[in-house]
Each structure stands twice: as C-alpha cells, then as structure tokens.
Amino acid sequence: MGTKLERIADKSAHESRPIFTSLYHLLNEELLLECHKELDGKKAVGIDEVTKEEYARNLRENIRNLVKRLKNKSYKPKPTLRVYIPKANGRKRPLGIASYEDKIVQLGLKKILEAVYEPKFQDNMYGFPPNRNWHMAIKEMCISIVRKRINYVVDADIKGFFDHMSHEWTMKFVGYYIKDPNILWQIKKYLKAGVLESGKYQTNEVGSVQGNIISPILANIYMHHVLVLWYKAYYEKRGTGKSFLVVYADDYLAGFEHKGEAERYYKEMQERLSKYGLEIETSKSRLLEFGRYAKERRKRRGEGKPETFDFLGFTFYCGENQAGKFCVKPKTNGKRLATKLKEMKQWLKYNRTTPLKELMPILNLKLTGHYRYYGLTYNIQSLIKYHYNTTLLLFRWMNRRSQKKSYNWEGFKQMLEYYPLAYPKKYFNLYA
C-alpha cells in the first residue's frame, strides 16, 4: 500500500496538472487495517462509544464488512460528537470526536489526499505536513524578517476558519486534481455528516469539524488555493520589494519591505478571503511596523518601543543578539503561559494524593512536553518562570494531602533532590 501511495505522490510531484480518476479502490482491507493499527486507542470515543479495543475483538470481519459497505456505498459516516476545550483567551474551542470506524476511513482518505496534494503544497506551508512543524514555521518567519529587510508585518486571524470553510469551494479545490467521483462523494459525506451537541443533531452546511482526522488536510488544501497561491502570484513574483508569507494551518503571518505593499496586501487579503466565505477577526488583526529599523524610526517620531505580535503561542519582539545585531526574539505568550499554569494547577490538585513515585515521572513528562514546544532560542526566562511556578504549585498541593502539613520548605527541597523536577532547556535553535 505504501508503494501505491508513493507512486501517486511521485506522479503529483512530477506533473504540473496530474489528474487522478481511480483512487477509491485504495480504501481496501490492507489500508484500513494499517489505519486501525495507527489510531490511538486512548482517544475519546464518538457517539457510538466504540473503543479501539472493542473494534479489534472482531477486527478482520469488521474491516471486511466496512470495505463491503464502502464498495456498495451503504457506508454512512455518523455525526461527530461536539465537545469544547478552553482557549488561552478564556473562550472555548469547539472540537469534534468521530466514531471509531469513521476515524479509520478518515485516516485512509487522509493518506490518499496527502499523497496527491502534499507534493503541490508550497514550502511556506507548515501545518500538519509530514516532517514539518511549528518550530520550522517560526524559524522561517524570524529569518525572513532579519534577512529580507522586512519593515512591516501583517498579523491576521481568520474568524472561525474550520467552521466557515465553504463546502462548495472545498470540493472544487479537492477536485482540482482528483476526478474520482467516489472519493469526492465520500469526502462530501463527511462534510455533511453533522454534529451531535448536548443530545441535539445539527447539520453542517459549511465548515469541516475541527478534531476530525480529515479536517487538517482539507484545511491545508483550502489555504493552499485561497491564500498561498494568490500571495505567490501577486506579491512574491510581482512585488516591488522583499516579502514573505508563513502559514501554519489557519494561522499565517506576512511581512513586507514597503508600507504601501503591506497596506495593499492587508486590504486585498480581506477581499480574497471574503470571496471564499472567510473573514478576519478585526480585533486580532493589524498591520504593524516591525523589523531592523523599527526602533530607530519610532524613536525619531517620539514614539515608544516597537510593537510586538503573537504567533503560534509566542509573542515576538525586536531585539539584539550577543553581537549587538538585530534579531527577532520570542517569549511565551502571557495568556498562554497563564492558561498552562492554570491547567497544571488543576492537574496537581486532582492528583495530589497520588504516590510520589507515580506522580513525579508523569509531572516531568508534562514539564518536558512544555519545554519541547516553548524551548526556543531566547525564551529560557519564560521556561524558568513556568518551572518556578510549577514548583510552588507542587509544594502547595503536596501540603493539602491531609489536614496536617506534609512538608516544610526544607523537607520539600529534600524531596526534590530524590525526585528532581525536569529543568528547562532549549530544544530548537531559531538561528542555527
């Protein structure tokens, strides 16, 4: 199966307009068994409450039955279970949990779509493709600002991107290379499957449920056609100065050498998004002066420090390296840091009675996960702050195991010598 998908990817990479008319047969037992093996059995269950373990008890027969229903088109995706998770700004993000069998088919479709479209995505797209991540997106953004004489940054936020993707345009974009009517039919079924929220069924006329396995690749296809190719044609190739665009799923950032071009992009970008059913969150979107000369120019005008902007959980500001040369520096976004500490507080409170030999290894995994995401060049102080506050929270909740205090500070420090907390370190160099 891997070889078949590799052949598709190779054809897509070497032809300017490849057309794929026969892909549906790839949703066979081999691929779907592979998808079953890859799925995480610890994830939350959908509306049918079937787990991976339960599905695996009669795996071969279940997969054969699934393939049969796919072939005769009697397979119908179940509605997605709607849940909400807190965001850093205090609001809640809607997520969907698909039924287990739907996850298997979605993962199979995702593999097929990736084989076709990944070779066509531009190098500035970093959200979800294999071997690309948020650190690489941030690195390209920082290096572009430093090396391309960028003076203005357009910081834009799309309002409810996943909820407002037009089904009509999604299918047109997917169908640009894929002409297999059965694949298109199946994708449309997922878009129209609807959600179940608080026991009530809601249809989906627009949007692709965030949390569904297939949604990220559909989002990338959408952004590729709506924003990335448009920027490349009208600003990268025809622009009057240097510029860049970095995209991570629905988060993106653009920079320009000349103010006039930045203003034109900001205006035309909104018109472009509107054509495809999208709009920016005006309260979170703006054009700001930023870059090598921002500090000097603002000083001449009698203004304060250069403005900062947020991207992928970080706040970026104008700084200097040890040699005194301009560079872009990150720090963990204040709201994001507060949210992470709040989550840590709740976790420690809930697990305060867990034996230390079980608690501390899990706590260190949580700390290390935080460091791996936020451990960028110049961000060590934010990591130290997170470590310090976690230490205080641990001391607090260890002393609430019972009515009697478990530790004084000296006893707590001795405990940490035996069960040390993972200490912050840098995991990714932005300027290597």
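Entry 1: surface patch. I took a patch to consist of residues with over 30% relative accessible area and no salt bridge, with like charges joined within 9 Å and nonpolar side chains (Val, Leu, Ile, Met, Phe, Trp, Tyr) within 5 Å. A salt bridge here is a side-chain nitrogen of Lys or Arg within 4 Å of a carboxyl oxygen of Asp or Glu. Accessible areas come from the Shrake-Rupley method with a 1.4 Å probe, and for residues only the protein chains shown count as cover.

The model is predicted: local features need pLDDT of at least 70, side-chain atom pairs count only at pLDDT 80 or more, and totals for chains, interfaces and linings use all residues. Residues are numbered from 1 along each chain as its sequence is written, and side-chain values use heavy atoms, with hydrogens and water left out.

I found a nonpolar surface patch formed by Y388, L392 and W409, whose accessible area together is about 300 Å². I located L392 in helix α15, residues 380-398; helices (H or I, at least four residues) and strands (E, at least two) are DSSP runs numbered from the N terminus. L392 counts as partly exposed because its relative accessibility is 33%; buried means under 20% relative accessible area, exposed over 50%, and partly exposed in between (1.4 Å probe, protein chains only).

Entry 2: overall fold. I counted 16 helices and 11 strands in the protein. The radius of gyration is 25 Å, close to the 22 Å from the globule rule for 432 residues, so the protein is as compact as a globular protein of that length. This radius is taken over C-alpha atoms, and the rule is 2.2 Å times the number of residues to the power 0.38. I noted that the C-alpha trace spans about 70 × 65 × 40 Å along its principal axes. Buried residues account for 49% of the 432 residues.

Entry 3: aromatic pairs. I searched the whole structure and found 27 aromatic pairs. Rings of Phe, Tyr and Trp (its six-membered ring) pair if their centres lie within 6.5 Å; planes under 30 degrees apart count as stacked, over 60 as edge-to-face and the rest as tilted.

Y231 and Y235 are stacked, at 6.3 Å centre to centre and 5° between the planes. Both lie in helix α10 (residues 215-236), 4 residues apart, about one turn of the helix. Y231 is buried at 1% relative accessible area, and Y235 is buried at 1%.

F395 and F412 pair edge-to-face, at 5.1 Å centre to centre and 65° between the planes. This pair links distant parts of the chain, F395 in helix α15 and F412 in helix α16 (residues 409-418), 17 residues apart. F395 counts as buried at 18% relative accessibility, and F412 is buried at 0%.
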